[in-house]
Structure formats: structure tokens, C-alpha cells
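Here is a short report for a first look at this structure. Keep the view open while you read.

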Amino acid sequence: MQDIIRIFPEFSILMSGCSDASAQHDNADPHHIETHRRPPFSEIHLPRQTHSLNVGILTEVGMDCPDTDALITRLPGVAIGVRTADCVPILLHAPDIGAVAAIHAGWRGTLGGIVDATLARLRELGANPGGISAIFGASISAEAYEVDEDLAEQFREAGFGRFISYPAKPDFTHQGVTVHYLADEPAQSAPAPKPHIDLEGINVCRLICQGVGVTGITPSPWCTLLSKMPDGSPRFNSYRRDHTAARNITAIVLNKPAPVTTGHRFF
């Protein structure tokens with residue numbers, strides 16, 4: 001798995017299939033990890049993630065952030081990030097206050113509004129949401145994120161029904177045998193399709209509803225479960241695919257507190 005690093009005048013971002021042993025688990029190290037990478041990502045500060053809606057502000061190097069799923073800092077040169085294995089990582093840059101943020105949004109954080117909570121903290125610090133840039137790291141795509149009807153119903157009740165889909169499956173497997181449709185077969189011969197949820201799409205919607213401009217939002221082109229390297233190997237870690245503790249790291253660092261022009265495309 002190859003690191004993806006983008007360096008811009010105001011900030012830099014890292015997206016990586018995690019190869020650092022110390023970062024394999026969500027609670028691996030409370031303060032930071034040392035990596036094999038060069039600065040500015042030789043050290044990355046990570047919160048102790050618990051699928052909460054809690055937002056921490058990193059004000060000093062080595063600060064512990066327990067029970068936290070989004071991290072904000074205004075410290076130039078100090079990288080912050082989150083661990084994910086299918087959940088949605090979101091990086092924010094608020095140029096008017098010289099701040100960056102890293103958000104971990106699993107289905108609980110997406111449903112509960114970890115994005116809203118993070119933007120509320122940034123507004124408290126003086127940020128204008130209209131000037132914020134948001135970059136999504138790799139997460140599981142709607143195509144791959146199949147869920148039970150009970151979970152889909154929770155999202156539907158929260159007003160996110162348009163982000164739920166029921167992909168058609170012309171072929172299905174029953175007791176180990178793949179069954180192929182014929183055009184004149186009745187629809188009930190196939191099991192009912194299960195719902196799929198677009199977690200990234202919901203978080204994009206939340207950003208827009210909180211005032212972040214559409215042109216300032218960069219969705220991810222990758223799926224943690226489906227995206228491949230040129231040699232066919234997985235591009236990112238995926239819990240649904242591998243059922244291991246391996247995690248991806250998505251991080252951001254503030255290079256200097258200077259204005260940024262919205263509308264950048266990062267990929």
C-alpha cells in the first residue's frame with residue numbers, strides 16, 4: 001500500500017494504508033505515533049477513537065485526547081490524523097483562523113453528526129464555514145457498504161433516506177450455488193436486496209448544510225474495500241474485507257496560517 005501525500009502552500013495531507021505497527025488499533029498510542037515517513041508526517045498525533053461525537057483541540061505537542069473522534073489544531077508543523085478501516089476520514093482546513101481538523105466518521109458518527117460538532121467548534125474559534133476546505137480520505141463506498149434494514153431505517157428516520165439504495169443483483173448465491181436470472185423468471189425467485197448506505201454522501205450533505213461551499217469539498221475517488229493497486233493488491237486496509245486490526249491513517253498538517261483559495265481539486 002503506497003502513501004498518498006499532497007503538499008500545498010498552506011497545508012499538507014497524507015492518506016496511507018497503515019504499515020506502522022503502533023497504529024494498528026484505535027487506542028494503540030494516546031499521544032502520537034512515530035512513522036517511517038519524513039517530516040511533516042514523521043510524527044502524527046491521533047485521538048483515542050471511540051465512535052463518539054467528541055471533538056478535541058490539540059494545543060500542545062504530546063497532548064492526550066481520550067474518547068475523541070475529531071481533532072483540531074492551530075499548531076503549525078504538528079500533524080493530526082485519524083485511523084479508519086472503512087469509516088469516513090475527513091480533513092478540514094479553516095484558513096481564516098489558521099486551523100486544521102481531522103474527523104473520524106463511522107456510521108455512528110455520521111448518523112450522530114460528528115461533522116456538525118467539529119464545525120461548531122471551529123465556528124467557536126472564529127472560523128467562517130464558507131471558507132473551509134474539506135478533503136475526504138478513502139472509505140467504504142455506497143456500492144460496497146451493505147447493511148441490515150434496521151440500520152438503514154435509523155438513517156431514514158434521521159432524514160437521510162435519499163442516501164440509501166437497493167442495488168439490483170441479477171445473480172445471487174443460494175446454498176453455495178450461483179443462480180442466474182432468466183428474463184421470464186419471477187422477481188420473487190431472488191432474495192430481497194439489502195440496503196446500501198452512502199456514508200460519504202451524508203457527510204458531504206452535512207458539510208453543505210453547515211455552510212461549507214460545494215466547491216470547497218473534495219470527495220474521495222477510492223473505496224477501501226474495492227480499490228486496487230495496479231498489481232491487483234488492495235490499495236487500503238478494509239475491515240469488511242480482511243477482518244483484521246489493520247488501519248489506514250489520514251492526516252493533515254498546517255504549514256503556515258495563510259489564506260487558501262477554495263475550489264482546489266486534490267485528486
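## The sheet

Six strands form an open sheet in the order 5-6-9-8-10-15, with mixed pairing. Two strands pair if DSSP finds at least two bridges between them. Helices (H or I, at least four residues) and strands (E, at least two) are DSSP runs, numbered from the N terminus. Strand 5 (55–58) and strand 15 (217–218) are the edge strands, and each pairs on one side only.

The model is predicted: local features need pLDDT of at least 70, side-chain atom pairs count only at pLDDT 80 or more, and totals for chains, interfaces and linings use all residues. Residues are numbered from 1 along each chain as its sequence is written, and side-chain values use heavy atoms, with hydrogens and water left out.

Strand 5 pairs with strand 6 (residues 70–73) in the parallel sense, over four bridges. Val55 has Ala70 of strand 6 as its bridge partner.

## A helix across the strands

Helix 2 (residues 114–124) lies across strand 5, strand 6, strand 8 (88–94) and strand 9 (99–105). Helix 2 runs at about 160° to strand 9. Here axes are lines fitted to C-alpha atoms, for helices over the stretch in contact (heavy atoms within 4.5 Å). Angles run from 0 to 180 degrees between N-to-C directions.

## The cores

In soluble globular proteins, nonpolar side chains tend to be buried together. A nonpolar core is a set of buried Ala, Val, Leu, Ile, Met, Phe, Trp, Tyr and Cys residues joined through side-chain atoms within 4.5 Å. Buried means under 20% relative accessible area, exposed over 50%, and partly exposed in between (1.4 Å probe, protein chains only).

The largest nonpolar core has 41 residues. Among those with the most contacts inside it are Ile90, Leu92, Leu119 and Leu207. Helix 4 (199–209) is one of the elements that give two or more residues to this core. The largest share, five residues, comes from helix 4. A second, separate core has 20 residues, including Ile13, Leu58, Ile80 and Trp222.

## Helix 4 and the cysteines

Helix 4 is mostly covered, with nine of its eleven residues buried. Among them are Leu199, Ile202, Val204 and Leu207. Just after helix 4, Gly211 takes a positive phi of about 105°.

How many disulfides does a search of the whole structure find? The search finds zero. A disulfide is a pair of cysteine sulfur atoms within 2.5 Å. The sulfur of Cys205 is 4.1 Å from the closest cysteine sulfur, in Cys209, which is too far for a bond. Cys205 counts as buried, at 15% relative accessibility. Cys65 is also buried, with a relative accessible area of 5%.
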